[in-house]
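These entries record what I looked up, in the order in which I looked.

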Amino acid sequence: MTRGRRRPPLHRRRTPEKGPPPAGLLISKWGGGFGVLAQARRLAALENGWKTLIARLRAVYRGGLTYTARFPAEAEEVGFFGELDFVGLALFPRLGSSGEPSDAELKRLLRFELERALALAVRWNKPLLVTQLGFPARADSWRSPAVPRGAADAAAQQRFLEALA
């Protein structure tokens, strides 16, 4: 988006006359300089605004709607999943506090994160939609996979994917 230009009004972004809508629409709040907890607090304060936006989207869009929470901790603070069709979650689980975890620890941590995500879906009685899942092919990313760190290391990413399978 260029400076000074605004996005088209909501009703002009996607209408039935312009073709069928995609299967779903993601409502994402990324960045903005907020930490996870600060963002969750801000979301709680803006809950009515999100509900209004969701109602406006439903008036012009037939597909499924979700909000993507960046971490399960943030998703637990979202108060409007009841208005949506899916519980959306990006999973980049923190997998080690002191370096590279063992294979058994890696599987345990991944299972814990997935169980936590499923518990959110059960809590809201909505299907779980994992919108992003991953681990970078970087050696020092175990503590914070959302931010790739270290030298290239395809074996680290392979370990993550094998543990996930």
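**Entry 1. Strand pairing.** I count two strands as paired if DSSP finds at least two bridges between them. The model I examined is a predicted one. By that criterion, strand β2 (residues 64-69) pairs with β3 in the parallel sense, over two bridges. I then looked for individual partners and found that Thr 68 has Gly 88 in β3 as its bridge partner. On β3 I also followed the pairing to strand β4 (residues 128-133): the two run parallel and are joined by five bridges.

**Entry 2. Faces of β3.** I next asked how many residues of β3 are buried. The count is five of its five residues, and the strand is mostly covered. In a regular strand the side chains alternate between the two faces of the sheet. In β3 I noted Val 87, Leu 89 and Leu 91 pointing one way, with Gly 88 and Ala 90 pointing the other way. Residues of both sets are buried.

**Entry 3. Aromatic rings.** I describe a pair of aromatic rings by the distance of the centres and the angle of the planes. I recorded eight aromatic pairs in the model. One of them joins Phe 80 and Phe 81, with 6.4 Å centre to centre and 40° between the planes, and is tilted. Phe 80 has 1% relative accessibility and therefore counts as buried. Phe 81 also counts as buried, because its relative accessibility is 0%. Phe 81 forms a further pair with Trp 124, which is edge-to-face at 6.1 Å centre to centre and 65° between the planes. This pair links distant parts of the chain, since its residues are 43 apart: Phe 81 lies in the loop between α4 and β3 (87-91), and Trp 124 in helix α5 (residues 103-124). I traced the ring pairs onward and found that they link Trp 50, Tyr 67, Phe 80, Phe 81 and Trp 124 into a cluster.

**Entry 4. A buried charge.** Finally I turned to Glu 74, which is found in helix α4 (residues 72-75). Which side chain of opposite charge is nearest to Glu 74? I found Arg 70, 5.6 Å away. The cut-off for a salt bridge is 4 Å, between a side-chain nitrogen of Lys or Arg and a carboxyl oxygen of Asp or Glu. Glu 74 is thus recorded as buried and without a salt bridge. I did note a contact with the backbone of Arg 70: its nitrogen lies 3.0 Å from a polar atom of the Glu 74 side chain.

Conventions:
Residues are numbered from 1 along each chain as its sequence is written. This is a predicted model: local features need pLDDT of at least 70, side-chain atom pairs count only at pLDDT 80 or more; totals for chains, interfaces and linings use all residues. Side-chain values use heavy atoms; hydrogens and water are left out. Helices (H or I, at least four residues) and strands (E, at least two) are DSSP runs, numbered from the N terminus. Buried means under 20% relative accessible area, exposed over 50%, partly exposed in between (1.4 Å probe, protein chains only). Lys and Arg count as positive and Asp and Glu as negative; His and the chain ends are not counted. A polar contact is a pair of N or O atoms within 3.5 Å; within protein, one must be able to donate a hydrogen and the other to accept it, and residues adjacent in sequence count only if both atoms are side-chain atoms. Rings of Phe, Tyr and Trp (its six-membered ring) pair if their centres lie within 6.5 Å; planes under 30 degrees apart count as stacked, over 60 as edge-to-face and the rest as tilted.
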